[in-house]
Amino acid sequence: MDYGKHQAPQGYEPGEGILTTLIRIPVRIVVLVLVLPARMVWDALTALWHAADRVLLRPLGRALLWLLDTLVLTPLAWLYSWVLTPLGKGAAWLAVALLIWPWIGLWRYVIVPVARYGIAAPAVWLYAHVLTPLGHGLRWTGTALLLPALHGLGNGIGWLITVLLIVPLHFLWRYVAVPVVRYGLVVPVMWLYETVLTPVGRGAARVLSMLWQGTAWTLGTLWQGTVWVLAQLWRGIAATGRGLGLAVAWLVMTLLVAPLGWTYRRILTPVGREIAAAFEVTWRIAGYISRAVGRALAAIAWYLIGAPVSWAYRTVCTPVGHFLRDAVWAPARRAAAEAGRAARAALATARETVRQARRDAWRALVGAPGGERSGEPRGIPARTLGSTTTVPSAAQASETPLSGDPFAKQG
């Protein structure tokens with residue numbers, strides 16, 4: 001019943017039919033009757049969920065987090081910090097000491113000196129003092145003696161090959177092989193090609209060309225006729241199919257698409273829109289009703305349960321609790337604190353007494369250390385005649401000996 005959307009004086013919007021306006025109110029009433037229980041159940045479940053979240057789930061989550069932190073995370077952190085970390089550091093140090101340092105020492109003090117002084121230094125000395133002079137001598141020998149001898153030998157062998165092999169072969173190729181090939185093979189073959197093979201080939205090519213042209217003209221004429229016949233046949237089939245398609249399309253549009261479109265536009269769309277609007281409006285109205293019922297139930301619960309409990313808490317429990325806190329708990333806490341302080345003081349006095357007795361017994365057994373004066377605090381020397389600095393907390397020694405004792409105890 002969203003009247004903000006319907007301001008027309010006739011009760012229906014412009015463009016809507018009178019039937020839509022007449023069925024709108026009954027449909028919304030029926031939908032409200034159907035939706036109201038669901039909305040009330042939904043609001044009740046929502047309120048229960050929020051109450052359970054505030055009262056149960058959040059404290060339970062905090063308790064679980066505290067338990068997780070206390071029972072799991074804190075022990076794990078302690079275990080990691082005080083057990084696993086020292087063990088890891090010890091294992092790392094042990095691994096380095098057992099696996100890395102021996103190899104480093106072996107490399108640094110065994111392999112490197114052996115490789116440097118046992119292999120590299122002798123090899124460098126051998127290369128510098130033996131192989132280098134030997135190589136220089138061999139290079140001088142090859143450059144000064146072998147290369148001229150090999151050069152002369154090569155020149156002699158080349159002259160012999162030229163005189164005994166290349167000159168006769170050149171003479172045979174120029175004056176025997178070339179004339180024989182030219183006048184015995186090339187000239188007869190060229191004459192045979194020009195006077196016999198060329199005319200015969202031209203005649204055969206002309207005859208084959210005439211035969212190919214006649215065959216191509218015949219085949220082209222047959223193909224054009226066949227294509228024209230097939231084209232006319234295809235045009236007839238296409239015209240027939242086009243007419244049948246238009247007829248079938250008209251029948252489908254007239255008998256199927258138009259009724260379906262009219263049904264969708266005139267019936268299904270308004271009905272669906274009205275049902276959706278009815279559900280939206282009735283859901284809001286059901287929310288108002290549900291909240292009103294909830295407020296009424298909350299007021300009844302407050303006046304029947306909450307107000308008496310609040311009155312009892314303010315008028316009975318609070319004064320009793322304040323009396324117990326001021327008359328019982330506070331004196332007990334102060335007495336416990338005084339007892340604890342007295343016990344701590346007694347324990348401190350006992351510890352100091354035991355410590356002093358142990359120190360006196362040790363001095364009686366082994367004697368005082370050399371240079372230590374009786375009655376002076378350890379580590380704080382007293383002021384002497386030659387000193388200019390006086391420690392405020394140190395007991396000063398007397399400048400005049402008393403009764404012949406140069407180190408009389410000061411009061």
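Helices here are DSSP runs of H or I with at least four residues, and strands are runs of E with at least two, numbered from the N terminus. With that in hand, hello everyone: this protein comes to 1 helix and 0 strands.

A word on where this comes from. We are looking at a predicted model, where local features need pLDDT of at least 70, side-chain atom pairs count only at pLDDT 80 or more, and totals for chains, interfaces and linings use all residues. Residues are numbered from 1 along each chain as its sequence is written, and side-chain values use heavy atoms, leaving out hydrogens and water.

Of the 411 residues, 7% count as buried, meaning under 20% relative accessible area, with exposed over 50% and partly exposed in between, for a 1.4 Å probe and protein chains only.

Now, the aromatic rings. Rings of Phe, Tyr and Trp (its six-membered ring) pair if their centres lie within 6.5 Å; planes under 30 degrees apart are stacked, over 60 edge-to-face, and the rest tilted. How many aromatic pairs does that rule give? The count is 2. Take Trp93 and Trp101: their ring centres are 6.0 Å apart and their planes stand at 90°, so this pair is edge-to-face. Trp93 is exposed at 52% relative accessibility, while Trp101, at 44%, is partly exposed.

Then come Phe171 and Tyr175, a tilted pair with 5.0 Å from centre to centre and 40° between the planes. Why are they about one helical turn apart? Because they sit 4 residues apart in helix H1, residues 18–366. Phe171 is partly exposed at 47%, and Tyr175 is exposed at 51%.
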